[in-house]
Amino acid sequence: MKISSKQAMLLMSLCAFMWSIGGLFIKILPWHPMVISGFRSLIAAVVIVIYMRFKGYRFVFSPCVLLAGLGLSGTMLFFVIASKLTTSANAIILQSTNPVHIMIMSAVFFHVRYKKSELIAVVVTLAGIGLFFVDQLSPGNMLGNLIALLSGVTMGVMYLFSHKLPDEESSMSSVLLGQTVAAVIGVSFTFFHPTPVTLDTVGAILVLGVVQLGVPYVLYAIAVRNCPALSCSLIGMIEPLLNPVWVFLFVGEKPGFFALLGGAVVLVTVAVWSVMSARGAASQSAA
C-alpha cells in the first residue's frame, strides 16, 4: 500500500498512541513480565497472520527481514528484562536513545550524513525525555541499565532495517518473525511461573495482544517504508510520554513538574520535526 510521507507519520503517531496503553494493562495482569510479553506477541502474531492472509501476502525472507524482525523481538524482550532489573524510568530513558543508535549505524554502515537540524532534533528530544523522568530517576542496577541500553540498540536496528524493506509483504514478514520469536521465548516462561487465568486476565492480555500490539504493528508495517527511520523513531517517542499519562488517569500516579515540562518539550519537537520532514518530502516530490 503506497501512502504519502505525511500519512505515514500520522500512522506512526497512531501506533505510538496504541502502544502507550501497554503499561496500564501490564500493571493489571498478575503474570510474570516475560509471560505477558510472550502471550502478547503470540496474539499479535495471530492478528498479523490474519491480515497477511486477507491481503494475500506470503512470508518472505531476506537479510533485512531477518534483521528488522530480530530487532523487534529483541526490543520487546530486552525492555521487559530491563524493567525487572532496574527502574522503569531508567529502562524507558535508555531505550529512548534509539535515534542516536540509528544515526551512528547509518553513518558507519551506510555513510549517511545528517543535517544540523536533524542532530538538534535528536538532542532536544532526548533532553525532553530526560526531563520527563528526572523526578523518578535512580541509579538502578547496572546490568538492568545495560540491557535497557541494548533495547535502544535493537529498536534502532528495527527502525533502520524496516525502512529498507522493499514492500509491505516484506514489512509484515519482519513483524511476524519478530512477534513469533518473542512469543516462543516468552510463552516458555509459563512452565516456570504461575499464570492464573480469569476473565480479567484474559481480557487484559487480549487488549495487549490485539489493540496494543497486533493492530499497531500492522499500521507500523504500512507506515515504516514511507517514513524515514529517524522520523519513525522520534514519533515513536510519544509512547513513553503517554504511557504514564494513562497510569496517572487510572491508577493515580501523578507526574512531577519536570515530567510535564519534558513532555511539552518532546511533543513540540516531534510536531515540528514531523511538519518539517513532511514539507521536505513534498518539496523533493515536486522537484
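## Met-158 and its surroundings

Setting aside neighbours within four places in sequence, Met-158 contacts Ala-68, Gly-71, Leu-72, Tyr-217 and Tyr-220. This is a predicted model. Met-158 sits in helix α8, which covers residues 142-162. Its relative accessible area is 2%. Buried means under 20%, so Met-158 is buried.

Leu-66 gives a further reference point for Met-158. The two residues are 92 positions apart in sequence. Their C-alpha atoms are 9.8 Å apart in space.

## The aromatic cluster

Two of the contacts of Met-158, Tyr-217 and Tyr-220, also belong to an aromatic cluster. Trp-19, Tyr-159, Tyr-217 and Tyr-220 make up this one cluster. The count of aromatic pairs is seven. Among them is the pair of Trp-19 and Tyr-220, with ring centres 6.1 Å apart and planes at 55°. Planes under 30 degrees apart count as stacked and those over 60 as edge-to-face, so this pair is tilted. The pair bridges distant parts of the chain: Trp-19 belongs to helix α1 (residues 5-19) and Tyr-220 to helix α10 (residues 199-224). The two residues are 201 residues apart. Both Trp-19 and Tyr-220 are buried.

Tyr-217 and Tyr-220 form an edge-to-face pair. The distance is 5.5 Å centre to centre, and the angle between the planes is 75°. Both tyrosines lie in helix α10, three residues apart, or about one turn of the helix. Tyr-217 and Tyr-220 are both buried.

## A nonpolar patch on the surface

Ile-104, Val-108, Phe-109, Phe-110 and Val-112 make a nonpolar surface patch of about 460 Å². Phe-109 is located in helix α6, residues 98-109. Its relative accessible area is 59%. The cut-off for exposed is over 50%, so Phe-109 counts as exposed.

Lys-164 lies over the face of Phe-110, at 4.0 Å from the ring centre.

Ser-170 is part of helix α9, residues 168-187. With 7% relative accessibility, Ser-170 is buried. Apart from neighbours within four places in sequence, Ser-170 touches Val-60, Val-65 and Leu-165.

Ala-264 is found in helix α13, residues 257-286. Its relative accessibility is 38%. That value falls between the 20% and 50% cut-offs, so Ala-264 is partly exposed. Gly-128 is 136 residues from Ala-264 along the chain. The C-alpha atoms of Ala-264 and Gly-128 are separated by 7.8 Å.

## The chain as a whole

The chain has 13 helices and zero strands. Of its 287 residues, 51% are buried. Take the contacts with a separation of 6 or more: residues 24 or more positions apart account for 92% of them.

The chain exposes about 13400 Å². Carbon and sulfur atoms supply 73% of that area.

Conventions: Residues are numbered from 1 along each chain as its sequence is written. This is a predicted model: local features need pLDDT of at least 70, side-chain atom pairs count only at pLDDT 80 or more; totals for chains, interfaces and linings use all residues. Side-chain values use heavy atoms; hydrogens and water are left out. Rings of Phe, Tyr and Trp (its six-membered ring) pair if their centres lie within 6.5 Å; planes under 30 degrees apart count as stacked, over 60 as edge-to-face and the rest as tilted. Helices (H or I, at least four residues) and strands (E, at least two) are DSSP runs, numbered from the N terminus. Buried means under 20% relative accessible area, exposed over 50%, partly exposed in between (1.4 Å probe, protein chains only). A charge sits over a ring if NZ of Lys or CZ of Arg is within 6 Å of the ring centre and within 35 degrees of the ring normal. Patches are made of residues with over 30% relative accessible area and no salt bridge: like charges are joined within 9 Å, nonpolar side chains (Val, Leu, Ile, Met, Phe, Trp, Tyr) within 5 Å. Accessible areas come from the Shrake-Rupley method with a 1.4 Å probe; for residues, only the protein chains shown count as cover. A salt bridge is a side-chain nitrogen of Lys or Arg within 4 Å of a carboxyl oxygen of Asp or Glu. Contact means heavy atoms within 4.5 Å.
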